[in-house]
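Hi,

Here is the structure I promised to pass on. Have a look at it first, and then read my notes below.

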Amino acid sequence: MKNRYDVVVVGAGPGGSITAKVAAKGGLDVLLVEKRQEIGSPVRCAEGVSKKGLKKFLPQIKKEWISSEANGARIYSPDGTKVEMAEEMAGSEVGYVLERKIFDRDLAIMSADEGADVYAKTTVTDLVIKDGFVKGVKGRHLGKSFEVECNLVIGADGTESKIGRMAGIDTTLKPVDIESGAEYLMTGIDVDDFCDFYLGNDVAPGGYAWIFPKGDKRANVGLAVLGKHLLKKTVKRPIDYLNKFVKEHYKDGKVASVILGGVPVSRPVKTIGNGIMLVGDAARFTDPITGGGILKAMESGTMAGETAVDAIEAEDFSENTLKKYENKWRPTIGRKNERNYLIKEFFITLSDDELNGLARSVNEVKITEMSVTGLVATLIEKNPETLKNLSKMLFKYL
Amino acid sequence: MINVDRYKCGYCGTCVSVCPEAAIDLLETFININDSMCKACNICVKICPIGALEVPIDEE
């Protein structure tokens, strides 16, 4: 490790690795650090990603990254009413079910291939701040302290998002803006090539349960509960809901991995400061409806990497110059995030009966565009009275 | 003070993201709560997907 870099990227998930790759490709001296000793592990993800979305960032998809392909999705309302979608119409979170351990490590290696220095088991414990500018990081590598100077720090440190806080950006998630999740990689269960989603207050209050096929009688079976509900005494732990769900649906399955994690379902935070940018989950770019974060991490990472290249060329690392980054993500990631945030705010207020009613209104319908937009537009069309307020809120987005 | 059951904890960092005092760190395979910063709001205890954080009974 050198003692000076142009850019230090903290966190080697898809967001950090793409930032490092784009910055290194643009000629910058880049350090990418990951606190875990193995990049990509432990997984904290259901691993679903849209095919089209992934190919936008990675035209060459390696077969090792893909556990299986999902060709459709089914949503079950609390009383079991099914809404089915076929692949060509399915939402952006249906497509590939990844093998994140391999995928994440390969992305970090791609950044190394572009010239970035990559270090695992390397934790950033503090930022070096001089005259109001982030000018470096302090941390530990293999237990040994180090300090590195730099012009820009990119916080790609995921749900925890501590780098932002160290720079004075409040990234704290309110209980209404986080889903707490538990998942098993199950084996010996009957699954097909569809992703299943189950809704209901007895299944996953304020969230949903999912089954994402991983091939060979395996699947990620998980669920997430809205933090707001977990504050109530009557609501159990996500792991308890998961055990109940598994008992009801896959009682003969075996548990090959236990996966835990928090999913931001928030509006984005401030993502820039003097000498700092936040990307991916750390910036709260996760989709508030689907909980998907991989593509938004890669998209924001690309934008941050490009902005870093421009800032180094201009030799200006002020928040004002880094506004370029916000100007890139606000009309793209930001707009979609805001729309889905409003949809989430509405859906978490619905009772099981209301969810059943909505599901019944569309279960016979052929929905031509089965994305979140398509589904919500069809729901509004079929339920103009019930969804009047939602429709008003979303007027400028649909 | 909040206890962490290290045998239960899956070091996922969900507690870190909700702590209003930034008193929790996820180090490589464990979480660390800075007792001098903790205001005992217990949001972390409730958010944990697996119930690895606990308020000691005599303080509840």
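Let's start with one pair of residues: A:Lys121 and B:Glu28 make a salt bridge, with their closest N and O atoms 2.3 Å apart. (A salt bridge here is a side-chain nitrogen of Lys or Arg within 4 Å of a carboxyl oxygen of Asp or Glu.) The rule finds two salt bridges across the interface of chain A and chain B.

Some housekeeping before you go on. This is a predicted model, where local features need pLDDT of at least 70 and side-chain atom pairs count only at pLDDT 80 or more, while totals for chains, interfaces and linings use all residues. Residues are numbered from 1 along each chain as its sequence is written, chains are lettered from A and ligands numbered from 1 in the order in which they are written, and side-chain values use heavy atoms, leaving out hydrogens and water.

**Where the chains meet**

Between chain A and chain B, 16 residue pairs are in polar contact, both residues being at pLDDT 80 or more. (That term means a pair of N or O atoms within 3.5 Å; within protein, one must be able to donate a hydrogen and the other to accept it, and residues adjacent in sequence count only if both atoms are side-chain atoms.) On the chain A side, the elements giving two or more residues include α5 (227–230), α6 (238–249) and β17 (254–264). (Helices are DSSP runs of H or I with at least four residues, strands are runs of E with at least two, and both are numbered from the N terminus.)

How many residues touch? 28 residues of chain A are in contact with 25 of chain B, contact being heavy atoms within 4.5 Å. The area buried between them is about 2,200 Å², that is, the accessible area (1.4 Å probe) the two parts lose on being put together, summed over both.

**Two sheets in chain A**

Strands of a sheet pair through backbone hydrogen bonds, either parallel or antiparallel. In this chain, β3-β7-β4 (chain A) is the order of a three-stranded open sheet with antiparallel pairing; two strands count as paired if DSSP finds at least two bridges between them. Three bridges join β3(A) to β7 (residues 95–98) of chain A, and A:Ser50 stands opposite A:Gly95 in β7(A).

The other open sheet has six strands, in the order β8-β2-β1-β12-β19-β18 (chain A), and its pairing is mixed. Its edge strands are β8 (117–119) and β18 (272–273) of chain A. β2 (residues 30–33) of chain A runs parallel to β8(A) over three bridges, with A:Leu32 opposite A:Val118.

Happy browsing!
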